[in-house]
Amino acid sequence: MTTDEKYMARCIQLAKKGSGAVSPNPMVGCVIVYQGQVIGEGYHQKYGQAHAEVNAINAVDNPEQLKSSTIYVSLEPCAHFGLTPPCSDLIIRKQIPKVVIGSIDPFAEVAGKGIEKLRKAGLEVKTGVLKKECDELNRRFFTFHRKKRPYILLKWAQTTDGFIDIDRKEETYGEPTWITGSEALLSVHKMRAAEDAILVGTNTAEKDNPSLTVRHCSGKNPLRIVIDRNLRLEKTLHLFDNASDTLIINGIKNRVEEKTSYVKIDFSENILPQLMNVLHQKNVLSLIVEGGRQLLNSFITEDLWDEAHIYTGNKTFGRGIKAPEINHLQGVRSQLGNDTLLLVSNATNKK
């Protein structure tokens, strides 16, 4: 690993500390080096607050050293006025002579403009250091801006014989059929805390009565989304408890009631492109699709997914609702107590 790569790896490490707190902004880390020593570090900590470069520069005890330093940043410094002033202007004003960058920002308001501004000011700029790793860090942000949709994570739990549920009668509605144990549950809640939104279909909402909130770890609740074409779901369900912002995708009305928003779409057309458009307009960078089978299969059929998180519990049902199937089953397996997690990336959508 080169010197530049070493400091960029530290930028990535710092950036990850902002996971779950900076969306719809990207995660960014920054390191400032003077004569081989790190004199300042920072990361983007929370949406609307100071960017990584600002925090790193503010951490430097002797500002005069900046004039002979190199600043490393995992994503191109911004060149536009948003909620905060342009970081490229700050770097120029502080007379930092060299800037090393990992990823080029895909956001149209930046997209190379920060680099251009820095070079026009006479600064030395190096790009593409650990580019693959920096791009992977912000794959949600990149997908959102390049494909105009959230980064989509499919998630389900299945038995060893390939079922996600038993054939349930109405009297068994209201509680999920537990397939996996406590370690898998904690993993799911950490996943929720890291992503922007979570989606279920009408049947899952009715049968399982899920809360879709973060309760077993620290972190924010995702935006809860349910597809309820004819608004048949009972208001006594957890999804209507105002514990978290909730979006009801339906074919009848547009309305806001406390923390619940109703958005009308055309169910005579393919609903997925319409849903993607709604979520893009709402700045939702990532979406967990939790079920049920019909909803998951609709995303699989359209090849509209980026990752699949498949939990397999140490149980068998013999019969019931079959688990979805995908053709991209080469992935990374991990053990969670008596359960396993298979994490699959959709190679098609990485292009």
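Colleague: Which residue caps the N-terminal end of helix 9?

Modeller: This is a predicted model, in which local features need pLDDT of at least 70, side-chain atom pairs count only at pLDDT 80 or more, and totals for chains, interfaces and linings use all residues. Residues are numbered from 1 along each chain as its sequence is written, and side-chain values use heavy atoms, with hydrogens and water left out. At the N-terminal end of helix 9, a side-chain oxygen lies 3.0 Å from the backbone nitrogen of leucine 272.

Colleague: Why do the buried residues of helix 9 line one face?

Modeller: Helices (H or I, at least four residues) and strands (E, at least two) are DSSP runs, numbered from the N terminus. Buried means under 20% relative accessible area, exposed over 50% and partly exposed in between, with a 1.4 Å probe and protein chains only. In helix 9, residues 271-281, the buried residues are Ile271, Leu272, Leu275, Met276, Val278 and Leu279. They line one face because, in the view down the helix axis, they fall within an arc of 160° (taken from the directions from the axis to the C-beta atoms).

Colleague: Which residues of the largest nonpolar core touch the most other members?

Modeller: A nonpolar core is a set of buried Ala, Val, Leu, Ile, Met, Phe, Trp, Tyr and Cys residues joined through side-chain atoms within 4.5 Å. The core in question has 35 residues, and those that touch the most other members are Leu154, Leu199, Ile225, Ile249, Leu287, Val289 and Phe299.

Colleague: Which residue of strand 17 stands opposite histidine 309?

Modeller: All six residues of strand 14, residues 307-312, are buried; Glu307, His309 and Tyr311 point one way, and Ala308, Ile310 and Thr312 the other. Two strands pair if DSSP finds at least two bridges between them. Strand 14 is joined to strand 6 (residues 151-158) in parallel by six bridges, and to strand 17 (residues 339-345) in the antiparallel sense over six bridges. On the strand 17 side, the residue opposite histidine 309 is leucine 343.

Colleague: To which backbone nitrogen does a polar atom of the side chain of aspartate 161 lie at 2.7 Å?

Modeller: Aspartate 161 is found in the loop between strand 6 and strand 7 (163-165), and at 27% relative accessibility it is partly exposed. Its side chain has a polar contact of 2.4 Å with that of threonine 159, the term meaning a pair of N or O atoms within 3.5 Å; within protein, one must be able to donate a hydrogen and the other to accept it, and residues adjacent in sequence count only if both atoms are side-chain atoms. The C-alpha atoms of aspartate 161 and arginine 319 are 8.6 Å apart, although 158 residues separate them along the chain. The backbone nitrogen at 2.7 Å is that of glycine 318.

Colleague: How many disulfides does the rule give?

Modeller: A disulfide is a pair of cysteine sulfur atoms within 2.5 Å. For cysteine 11, which is buried at 0% relative accessibility, the closest cysteine sulfur, in cysteine 30, is 5.9 Å away, too far for a bond. Cysteine 78, buried with a relative accessible area of 7%, has its closest cysteine sulfur in cysteine 87 at 3.8 Å, also too far. The count of disulfides comes to zero.
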